[in-house]
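Visitor: I would like to learn how to read a structure like this one. Please take me through it feature by feature.

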Amino acid sequence: MSVLKPFSKLPNLDTASILLVENEEQVQQGLAEALVEDSAQAVNVRLARSLPLPLENEKTRPRIDLVVFILNLTSDKSFKSANESLKYLDPGYFLGKVCFMVTNARYASGNMGRLDAVRKMAASLHCPLLFAEVQSPEGVTNAARRLLTILKVASGLVPNTSSLYLSNLTRCTKPPDIDQPSFD
Amino acid sequence: MDASDQMNEPINQNDGLAAEACTQKGTSPADMLRIKQQMSNHCFEMSVQLNAGKSKRSCSASEAERGLPNYISELERVKMVHFNSTLALHRMQMWHAIGEKLKQTDPDAAALMAVGDRCMVLCSKIKELQNENRNLQENITEIQKKRLELKRLTDEKMKEVEELMSNKEHPDSEKYKTLLEKGQATLEKYKKMTTMTQNVLRGILLACKVNWLDDPKLRETALTLEDFPISD
């Protein structure tokens with residue numbers, strides 16, 4: 001029973017909590033530092049390799065506002081482990097509190113199949129899909145800034161906007177885009 | 001209603017937490033407002049979660065997706081109306097506050113009046129400049145029209161000149177032709193006259209059996225008669 005639930009704890013006052021899930025643990029640290037530096041409000045960053053999260057920290061862990069899966073397109077394991085971890089997330093999270101971030105997309109030109117699979121997954125779960133270039137510090141800062149925008153909405157710090165509303169604006173399309181049911 | 005009881009508990013605890021935070025940090029009113037906003041957002045999300053479980057209407061995902069754009073556009077419309085109304089309300093409040101302030105005689109009010117006067121001066125200046133701008137623009141348009149007209153006339157004149165150039169050779173050759181024909185006609189006439197005169201002279205010489213061999217002058221004339229090609 002180690003499913004991560006969105007509403008099982010009290011929300012944190014004036015802080016935002018984000019959980020970065022990454023199999024390889026390469027980008028997490030840099031991204032976490034950029035996130036904490038950048039924002040005016042307090043940001044609580046938790047790092048994990050995969051879900052389910054260890055039970056020891058259950059009491060001290062704050063309520064997670066946004067879960068970000070960081071996928072490396074050049075390795076197959078990260079996609080698989082992310083898929084596995086999805087099972088341990090409560091469905092309540094998928095109303096705008098989950099985000100996928102893909103790194104190393106420019107080196108994955110031979111692996112369009114994996115990119116398609118990631119896009120399909122993000123589209124079927126109605127989650128935003130971000131592409132980040134994390135080899136340079138500016139790239140990490142940019143990625144952190146984008147995540148911060150989504151995080152602020154997810155933790156209620158933006159007036160008149162909820163994460164469900166934002167998720168309608170940030171949906172991604174399934175490949176191939178041609179036979180996407182459009183607004184007819 | 002177990003779920004809503006659970007919900008109310010967190011809300012009460014939220015108030016407690018908020019009071020705690022205020023006493024701990026000494027937060028400003030702006031911070032408190034922000035925290036209140038955050039909490040209201042959270043409560044809204046939790047109530048959405050609760051209501052989601054209530055209406056157990058079975059419909060497929062694609063059906064729901066088809067209805068989604070309508071709901072979204074309705075939501076956006078309402079949000080926009082709300083935002084515009086809030087803006088209008090803020091504007092009214094601002095103006096009311098400014099009006100009230102101006103009625104008093106503070107140094108602040110004096111500053112406001114000064115700003116207002118400066119605005120008036122700038123606005124009248126703007127109006128002047130706009131008028132000037134418009135006049136200049138009109139002048140420019142007039143000049144452009146004139147230029148266009150001149151260009152058109154120039155084009156016409158050029159066409160005329162070209163026509164004349166092509167026609168000029170013809171009149172000259174016309175005159176030349178008539179002169180030529182006249183000259184030729186005259187030549188023909190005189191040729192005929194000469195031929196006729198020669199024929200008459202030969203006739204006379206033959207008829208009168210004049211002995212032209214002996215007289216040298218007569219002989220010359222008669223020989224020329226014989227050799228003269230009868231042109232007809």
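Guide: Start with the elements. Helices (H or I, at least four residues) and strands (E, at least two) are DSSP runs, numbered from the N terminus. In chain A the elements then run β-α-β-β-α-β-α-β-α-α from the N terminus. That comes to five helices and five strands. This is a predicted model: local features need pLDDT of at least 70, side-chain atom pairs count only at pLDDT 80 or more, and totals for chains, interfaces and linings use all residues. Residues are numbered from 1 along each chain as its sequence is written, chains are lettered from A and ligands numbered from 1 in the order written, and side-chain values use heavy atoms, without hydrogens and water.

Visitor: What share of chain A counts as buried?

Guide: Buried means under 20% relative accessible area, exposed over 50%, partly exposed in between (1.4 Å probe, protein chains only). Of the 184 residues of chain A, 52% are buried.

Visitor: Where is R61(A) found, and which residues does R61(A) touch?

Guide: R61(A) is in the loop between β2 (42-48) and β3 (66-72) of chain A. Its relative accessible area is 7%, so R61(A) is buried. Contact means heavy atoms within 4.5 Å. Leaving out residues up to four places away in sequence, R61(A) touches L4(A), K9(A), R46(A), L53(A) and P54(A).

Visitor: How many disulfides are there over all chains?

Guide: A disulfide is a pair of cysteine sulfur atoms within 2.5 Å. By this rule the count is zero. Take C119(B): the nearest cysteine sulfur, that of C123(B), is 6.3 Å away. C119(B) is partly exposed, at 43% relative accessibility. C123(B) is partly exposed too, at 49%.

Visitor: Which helix holds E100(B) and K103(B)?

Guide: Both lie in helix α3 (residues 61-103) of chain B, three residues apart, about one turn of the helix. E100(B) is partly exposed at 35% relative accessibility, and K103(B) is exposed at 65%. Elsewhere, salt bridges that share partners join D14(A), D31(B) and R34(B) into one network.

Conventions: Salt bridge = Lys/Arg side-chain N within 4 Å of Asp/Glu carboxyl O.
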